[in-house]
Amino acid sequence: MGFSGNLKDFPIPDIFQVIAKEKKSGILLVEWKDLIVAYYIKKGQIIFARPIDKITRVYTERDFEKVIKKLRVDPKKISQILDRYLIQRLDNKEGIFSLIFGFIRYTCSEKVYIPIEQIIMLASRQLTVSEVRRKISDNMLTFGWVKEKKEILKRLQLSPVEKKVAELIDGKKTVGDIRKKMFPTPELDVDRALYGFWSAGLIKRLRKGKRHKPEGLTLDLLKRIIEKVKDL
Amino acid sequence: MKNQKQKKRIKILISGPFSAGKTTFIKTISELEPLTTEKKTTRSSERKVKDYTTVAMDFGKITIDDEHELYLFGTPGQTRFDFMWDILGKGALGIVVLVDSTNPETFHEARQIINYFESRYPVPMVVAANKQDLPDAWTPEMIKAALNLDVEDIPVVPLVATDKESVKKVLLKLLEEIYKEFG
């Protein structure tokens, strides 16, 4: 089980958002314009990256410990490898991806060098106006913090702008209000921060007030509608 | 002419991105051949997907009893028609937001629709992950994660819009949500 798509349609922060939320293990393959890279995922965290010549290779080598031994990777250099094959590519928008959960075996000792939430924040800083508008689509959107705010914040290194935006999130201010308060900071920077927070699971969308009961709706009528639909 | 008693109309909105299956959804469940307002697609990216698209609304009907009729209004998917969401969204009993599970590009539009309604006229809502019968379909769980719905009380349910039982399940899930909210 997994998913696939094109980076133009579904940008990197969104891919990593799904990986982080699913908290599963597997491999993400990205066919960049110049290179194919396999990203090894353990319980929703990217722990290794490896350029490959043939896609089939990653599916035949299922034991992560053996992969590391075979490639003679010095564990101290994994963060540099991730930087080269992942972080430095976050501004690259061309490529296709496929993710397959399962099949790879890990031991208990693999380390997380860059938390996925931090990768999401870094990727969000590279988004264009049109990409940001896909998610921060409405001036009237309002955000609140999730219960796990403190734990997630510990894993993030926010920029000064992101810190300021974070201070303005109070469950009442709309996106429009936050943009105004942040002026003269460009709207794009504010929206990128909100996009990153939302994708990293740090904030959630809040509904505007209570849901309104439509006029004339009674419990009896609702039951009749349910029965009718069942009988169709 | 016979003086017929005017039936009370209840409205459910069927919304979603371009080519998510709104017209099919309504056609599958409506008791009368739905009124559609389809026009030839003009944008080349849209023409690759289908030749005709809904420009104002689709419209289907289910008679509940002698006094009530349930109307299904399908709104155009493209965001350039979002003024229609405003017109049709007011007074709706609930909203079904359809996504094409095989096309992640459509998830963004679905999110925009959810953002729009949740920020203005919050009503009970379900997301229907259509085209679950196709091999590349994302699972409802992954679509829930992609749409940031995992921390919200908006369910994501599987759908094959050509299958009447599947469409019924989606409508019943929405009605269950409405019952939970107002019952």
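How much area do domain 1 of chain A and domain 2 of chain A bury between them?

## Basis of the model

This is a predicted model, in which local features need pLDDT of at least 70 and side-chain atom pairs count only at pLDDT 80 or more, while totals for chains, interfaces and linings use all residues. Residues are numbered from 1 along each chain as its sequence is written, chains are lettered from A in the order in which they are written, and side-chain values use heavy atoms, without hydrogens and water.

## Domains of chain A

An automatic or database assignment divides chain A into domain 1 (2–114) and domain 2 (120–205). The two domains bury about 1,100 Å² between them, 58% of it on carbon and sulfur atoms; buried area is the accessible area (1.4 Å probe) that two parts lose on being put together, summed over both. On the side of domain 1, A:Pro13, A:Leu90 and A:Lys93 lose the most area, together 42% of what that side buries.

Two salt bridges (side-chain nitrogen of Lys or Arg within 4 Å of a carboxyl oxygen of Asp or Glu) link the domains. A:Asp14 and A:Lys135 meet in a salt bridge, at 3.6 Å from N to O.

## Interface of chains A and B

Contact (heavy atoms within 4.5 Å) involves 50 residues of chain B and 48 residues of chain A. Chains B and A bury about 4,500 Å², 62% of it on carbon and sulfur atoms. In chain B, B:His108, B:Met142 and B:Phe182 lose the most area to chain A, together 13% of what that side buries.

Nine salt bridges are counted between the chains. B:Glu181 forms a salt bridge with A:Arg211, their closest N and O atoms being 3.1 Å apart.
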